[in-house]
Amino acid sequence: MKQSRLMPLVESVANVIVGYGVAVVTQILIFPVFGLHTTLAQNLKMGAVFTVVSLARSFALRRLFEAIRVRN
């Protein structure tokens with residue numbers, strides 16, 4: 001059964017939101033262990049950068065695997 005375009009979009013948005021939250025909470029918990037002390041604003045900004053990098057990586061891999069699928 002083929003998916004509509006809406007469901008993959010909803011899945012992607014949910015994945016980004018959850019990933020952003022996980023990144024920020026992880027930073028808040030782990031950075032002090034390594035002696036890094038940041039503000040909440042700094043953690044939110046770093047989480048945003050990590051999220052953009054993750055989106056780019058995910059998109060690039062999806063396109064790569066689609067190209068491999070089409071070639072085969």
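Begin by selecting helix α1 (residues 6–30) together with helix α2 (residues 40–71); in this predicted model, the two helices pack at an angle of about 135°, and their axes lie 9 Å apart. That angle makes α1 oblique to α2. The crossing of the two helices is right-handed.

Next, display the side chains where the helices meet. On α1, select V16, Y20, A23, V24, Q27 and I28, which form that helix's part of the contact. On α2, the contact is made by L40, N43, L44, M46, G47, A48, F50, T51 and L55. Colouring these residues by class shows 11 nonpolar and four polar residues in the contact of α1 with α2, with no charged residues.

Now centre the view on T51, which lies in helix α2. Is T51 buried or exposed? Its relative accessibility is 13%, below the 20% limit, so T51 counts as buried. Leaving aside residues up to four places away in sequence, T51 touches V16 and Y20. Both of these partners belong to the α1 side of the helix contact.

Finally, return to a view of the whole chain. The protein contains two helices and zero strands. Its radius of gyration is 16 Å, well over the 11 Å that the globule rule gives for 72 residues, so the protein is more spread out than a compact globule. Along its principal axes, the C-alpha trace spans about 50 × 25 × 15 Å.

Technical notes
Residues are numbered from 1 along each chain as its sequence is written. This is a predicted model: local features need pLDDT of at least 70, side-chain atom pairs count only at pLDDT 80 or more; totals for chains, interfaces and linings use all residues. Side-chain values use heavy atoms; hydrogens and water are left out. Axes are lines fitted to C-alpha atoms, for helices over the stretch in contact, and angles run from 0 to 180 degrees between N-to-C directions. Helices (H or I, at least four residues) and strands (E, at least two) are DSSP runs, numbered from the N terminus. Angles under 35 degrees count as roughly parallel, over 145 as roughly antiparallel, 65 to 115 as roughly perpendicular and the rest as oblique. A crossing is left-handed if the near helix is turned anticlockwise from the far one by less than a right angle, and right-handed if clockwise. Contact means heavy atoms within 4.5 Å. Ala, Val, Leu, Ile, Met, Phe, Trp, Tyr, Cys and Pro count as nonpolar, Asp, Glu, Lys and Arg as charged, and the others, Gly among them, as polar. The radius of gyration is taken over C-alpha atoms; the globule rule is 2.2 Å times the number of residues to the power 0.38. Buried means under 20% relative accessible area, exposed over 50%, partly exposed in between (1.4 Å probe, protein chains only).
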